[in-house]
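Please study the sequence and the structure, then work through each task before reading its solution.

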Amino acid sequence: MDEMKVFTGNANPALARAVVEYLGIPLGNCQVFQFSNENIFVRIMDNVRNRDTFLIQPFTTPVNQSIMETMIMIDALKRASAGRITAVIPYYGYGRTDKKDQPRVPITARLIADLITVAGANRVLTVDLHAAQIQGFFNIPVDELSAINLLTNYIKKKNLENLVVVATDIGISKRARDFAARLDAPLAIIEKRRMGNEDRTETLNIIGDVKGRIALTVDDEIDTAGSLVNSVQTLLSNGATEVYSCCTHPIFSGPAIERIAASPVKEVIVTDTVPVPPEKHLDKITVLPMAPLLGEAIHRIHTGLSVGAMFQQDS
């Protein structure tokens with residue numbers, strides 16, 4: 001356990017390299033690739049017997065391949081007699097399927113938790129779950145980090161006057177309230193309704209005053225940016241002078257980049273839990289690095305220090 005090993009699959013190797021640079025150790029050597037029949041092959045090239053091992057792998061596009069890589073790598077580490085295996089999942093895919101809100105539908109977030117546990121992980125380190133109760137789906141320890149300090153510190157440096165923090169729906173209102181408290185700003189909430197399983201939402205009402213203010217929308221992820229564009233238009237039509245947006249996970253799937261480019265949103269601030277390829281780097285998109293936060297958490301887990309103390313110090 002004295003020697004720490006950090007490995008990564010193919011989901012976000014740049015983030016893993018930045019984390020090991022923070023830790024001052026080399027990235028673990030492994031082979032992870034697909035055969036022509038789409039079967040995934042994994043081989044751990046380093047000795048991990050009795051070592052404290054960390055696998056950094058967000059569940060990002062291609063999501064199902066990233067998940068299977070994770071499961072197979074965990075199994076490979078377990079069969080190589082790793083002392084402890086921590087699955088570092090910066091973005092927990094399927095997190096939005098966290099409850100049975102329609103007849104005859106799965107709770108996939110729970111299924112993924114079971115798969116991670118059965119594969120052999122001893123603990124999980126993640127960032128800004130879609131719903132905090134997903135931690136309870138695991139029977140192993142879960143450390144959930146938050147990008148709130150990283151995002152709010154960036155916003156503070158912009159010195160935006162007359163700011164209002166806006167929750168993009170009622171479900172995210174608690175997180176938005178924490179943003180508002182750190183930025184010493186009032187809170188508003190956009191009440192919206194999702195149209196079935198389609199990627200469409202209907203704005204019903206704005207709770208709070210945004211007239212004459214600079215608005216900052218808060219969400220855990222931006223997927224196709226449909227909700228973001230609707231929120232920006234709604235806020236501007238209700239008197240907001242400018243709209244900024246921030247989220248932890250920049251999924252940016254489908255028409256997201258085109259929608260953001262055409263939107264009057266001033267700036268979109270995200271983190272690199274999910275890789276943002278060069279073709280998606282618009283001038284109005286700012287990507288903040290998560291490696292120091294993840295690296296410090298990994299260091300604390302390895303050495304037995306408190307992970308929660310990181311946020312007590314920064315708050």
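**Exercise 1.** Determine in which hand H4 passes H5, and how the two helices are oriented to each other.

*Solution.* In this predicted model, the crossing of H4 past H5 is right-handed. The axes of H4 (residues 148-157) and H5 (residues 173-183) come within 10 Å and cross at roughly 45°. The two helices, H4 and H5, are therefore oblique to each other. On the H4 side, the contact is made by Ile-148, Asn-149, Leu-151, Thr-152, Ile-155 and Lys-156; on the H5 side, by Asp-178, Phe-179, Arg-182 and Leu-183. Sorted by class, the contact of H4 with H5 has five nonpolar, two polar and three charged residues.

**Exercise 2.** State the strand order of the open sheet of five strands, and identify the strands at its edges.

*Solution.* The order is E1-E4-E5-E6-E7, with parallel pairing. Strands E1 (4-8) and E7 (142-145) each have a single partner strand, so one side of each is left without a neighbour in the sheet. On average, neighbouring strands of this sheet are turned by 20° against each other, direction ignored. Within the sheet, E4 (residues 52-56) pairs with E5 (residues 84-89) over five bridges, and Leu-55 stands opposite Ala-87 in E5. Helix H1 (residues 13-23) packs on the sheet and touches E1 and E4; the direction of H1 makes about 165° with that of E1.

**Exercise 3.** Describe the pairing of E2 with E3 and the turn that joins them.

*Solution.* E2 (residues 30-34) and E3 (residues 40-44) pair in the antiparallel sense over five bridges. Cys-30 stands opposite Ile-44 in E3. The two strands, E2 and E3, form a hairpin with five residues between them. In the turn, Glu-38 has a positive phi of about 75°.

Notes
Residues numbered from 1 in each chain as written. Predicted model: local features only at pLDDT ≥ 70, side-chain atom pairs only at ≥ 80, totals over all residues. Heavy atoms only, no water. Pairing = 2+ DSSP bridges. Helix = DSSP H or I, 4+ residues; strand = E, 2+ residues; numbered from the N terminus. Axes fitted to C-alpha atoms, helices over the stretch in contact; angles between N-to-C directions. Parallel < 35°, antiparallel > 145°, perpendicular 65-115°, else oblique. Left-handed = near helix turned anticlockwise from the far one by under 90°. Contact = heavy atoms within 4.5 Å. Nonpolar A, V, L, I, M, F, W, Y, C, P; charged D, E, K, R; others polar.
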